[in-house]
Amino acid sequence: RIFYETHLAPILMSDGSADEVALDFVTKDGVVLPALVSARQTRNGSNDCVLNRWTIFKATERRRYERELVSARNLFETTLSSIGDAVITTDASAGVVFLNDVAADLSGWDPDLAAGRPVEEVLMLVREDTAEPVESPVRKALRTKASVGLDNHTVLVSRNGRRFVIDDSAAPMSDENGQIFGAVM
């Protein structure tokens, strides 16, 4: 009742519907039942509520999958953060998604500020001898759909101008259908 009065009723009053609100129902025996609730409200010309239609979906499996997904993401981030090499992941358009601490230190970019930026902006790569820009290995991996390495004598120019001779590679990441959704470098 409290949830309805403080949260759901105002939404129904303004929007007329609410979709997939996650709730836990507790039985009189204390068993928690995860659920998703969708609600629709019909009002007459005087704006009086004439009908409330509720659909309640059992969400036990969905909650389990959500917990597994969060756990897998935490494992992924912990693993990549603890690696002693710089690791960067991008989306399919080469926008930065994740930088581990080593990549953040080398590039000079805070991971939150780097998120969504083009990888070339965060990782400025140039030839050591000529300072000519080097094609982003991430872009090349996404374009060729194959793992690629950097040429010898490639330099990373950090955000503060420091220069590091680096050796790295990039590989596309794909889903179970072979659709490329990003790259890792």
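A residue counts as buried under 20% relative accessible area, as exposed over 50%, and as partly exposed in between. In this predicted model, Glu-120 has a relative accessible area of 30%, so this residue is partly exposed.

Let us start with helix H6, which spans residues 137-144 and has Pro-137, Val-138, Ala-141 and Leu-142 as its buried residues. Looking down the axis of H6, you will find these buried residues within an arc of 135°, so they line one face of the helix. In general, residues three or four places apart point the same way because an α-helix has 3.6 residues a turn. The buried residues of H6 pack against several elements, including helix H5 (119-122) and strand S10 (169-174).

Both ends of H6 are worth a look. At its start, a side-chain oxygen of Ser-136 comes within 3.2 Å of the backbone nitrogen of Val-138. After H6 comes Lys-145, with a positive phi near 60°.

Now for the charges: the whole structure holds eleven salt bridges. Three of them are listed here.

| Salt bridge | N to O distance |
|---|---|
| Arg-40 and Asp-19 | 2.7 Å |
| Glu-121 and Arg-117 | 2.8 Å |
| Arg-139 and Glu-120 | 2.5 Å |

Arg-139 belongs to helix H6 and Glu-120 to helix H5, so their pair ties together parts that are 19 residues apart in sequence. Arg-139 is partly exposed, at 34% relative accessibility. Elsewhere, Glu-20, Arg-62 and Glu-66 are joined in a network of salt bridges.

How values were computed
Residues are numbered from 1 along each chain as its sequence is written. This is a predicted model: local features need pLDDT of at least 70, side-chain atom pairs count only at pLDDT 80 or more; totals for chains, interfaces and linings use all residues. Side-chain values use heavy atoms; hydrogens and water are left out. Buried means under 20% relative accessible area, exposed over 50%, partly exposed in between (1.4 Å probe, protein chains only). Helices (H or I, at least four residues) and strands (E, at least two) are DSSP runs, numbered from the N terminus. The arc is that of the directions from the helix axis to the C-beta atoms. Contact means heavy atoms within 4.5 Å. A polar contact is a pair of N or O atoms within 3.5 Å; within protein, one must be able to donate a hydrogen and the other to accept it, and residues adjacent in sequence count only if both atoms are side-chain atoms. A salt bridge is a side-chain nitrogen of Lys or Arg within 4 Å of a carboxyl oxygen of Asp or Glu.
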